Every structure is written in structure tokens, then in C-alpha cells.
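Please look at the sequence and the model first.

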Amino acid sequence: MGQVLLIFHFGYGVLSGIGKRLSAVFLSIALMVAAPIVAQAQTVRIAALGDSLTQGYGLLAHEGFTAQLQDWLDAQGTAATIVNAGVSGDTTSGGVSRVDWTLTDDIDALIVALGGNDVLRGIPPELARSNLDTIMAAGAAKGVPMMIVGISVPSNYGQDYKTDFEAIYPDLAEKYGALYFESFLKPLTDLGDMSETIKTHVQSDGVHPNAHGVSVIVNAMGPMVADLAARAAP
């Protein structure tokens, strides 16, 4: 009887050991299968609503702002996908017309980078403010974290115009609890000698950054976009 019990316990121990090993194998397989699903669930989609600077005017697809920003985020290990919602020549009014269908249910965060074309057309600051407010309100209604990118306004229309227009962006950032990046092109102006910067970082039109210029902008803006992604993460 003692031998029977001994054999029973030995056999049970072997089977128990095999069972544990099989359980570990099955658990490993389950984790490997589940891992992509978890990673996918944690990836946030960020729509960049903007104009030609966002769209990547004059550049190859991989050289544009959203493409380079995506590469920067990937290199940092930030689980975010940038959606290019830039339209060349667009104004804040155009942004208002596009924001609802830009903010689809799969969009988790919003970057607003509009206003440069309003300035070029001399659109009153109060109208641009109203439009941008409407865009930000749409994002707030969707419950998505936001980032607004300001612009540096030349003094062509006078100091009051410049002051009123530039104030729109920090004001709305505060109103909606959004992140605020001072100016899309500020990383280039911060380089110093603008005549040299235009030669090396700007396209031949003297307005839009070239691929190298976009890289400088992305390196400066990237950390804030990563912060935006963190705010949007589940």
C-alpha cells in the first residue's frame, strides 16, 4: 500500500509538473497573441488640422511635417499615429468647415495649426478668434485633448493687428486647457540669421520650410506632441 501511495504521489508530481509547464507555455502564447492587441489599443490617433505647413507643401510625402513628426514619435517610442488634416491655402474659416468630419470617433487628440493664411489675407483678428474658438469648442465637445500652434504676425497691418492676432492662441489655450506652442516657424527664427536660415532651411518660395527646416520644427515641437499623446492615452 505504501508503494502504491508512493507511486501515486510520484505520478501526481510528474503530471503536476507537466501541467505547470504546459500552463506556462499556454500563458506565454496567450501573452504573445494579446501583446499586439494591447499595443494597438494604447496607440492614440492625433489629427493635425492645419494649412500648407501641416500638409507638407512642396515636399515629398516622407519629408512633410506629419511624416517627420511620425518618425520622431516612433523613434521616441511614443504610441501615436499622426493624421494629416492639413490643406494648403486653408484659413481658420476652412478649419471650421472641416473640423467636424476631421474629429471622427477614432481621433483621440487634436493639433490646431491655422491662421497664417488669415493674416496673408488681412482677415480681422476677431473673426479668426471666433473661428479658432469654434474649432477648439468642437474638440472640447468630443472630449479630446488639444494643442494649438500660434503664429508670428508681421507688422504690415500695424502693431494693434499683430498684438490682437498673436494673443488669440495663448488665450484659447488657457480657455480650453490646451497645450500651446508659440509659433510654427519659431524654431527657424530661433536659429539666428534669417537670411542664412532662408537659404538653408526654406524652399525657394521663401515661405515654406524645406525638409531640413521641417526637421528643425519637428525636433522643437515633438516633445509637446508626445505630451499631447500622453494626455490622450487610455
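## The pocket lining

The lining of the largest pocket is made up of 16 nonpolar, 10 polar and 1 charged residues. Here Ala, Val, Leu, Ile, Met, Phe, Trp, Tyr, Cys and Pro count as nonpolar, Asp, Glu, Lys and Arg as charged, and the others, Gly among them, as polar. H5 gives the largest share of this lining, 4 residues.

This is a predicted model: local features need pLDDT of at least 70, side-chain atom pairs count only at pLDDT 80 or more, and totals for chains, interfaces and linings use all residues. Residues are numbered from 1 along each chain as its sequence is written, and side-chain values use heavy atoms, with hydrogens and water left out.

## Asn-117

Asn-117 is found in helix H5 (residues 116-120); helices are DSSP runs of H or I with at least four residues, strands are runs of E with at least two, and both are numbered from the N terminus. Asn-117 counts as buried because its relative accessibility is 13%, where buried means under 20% relative accessible area, exposed over 50% and partly exposed in between (1.4 Å probe, protein chains only).

## Aromatic pairs

The structure holds 4 aromatic pairs. Phe-65 and Phe-184 form a tilted one, 5.0 Å centre to centre with 55 degrees between the planes. Rings of Phe, Tyr and Trp (its six-membered ring) pair if their centres lie within 6.5 Å; planes under 30 degrees apart count as stacked, over 60 as edge-to-face and the rest as tilted.

Both Phe-65 and Phe-184 are buried. Ring pairs also link Tyr-157, Tyr-161, Phe-165 and Tyr-169 into a cluster.
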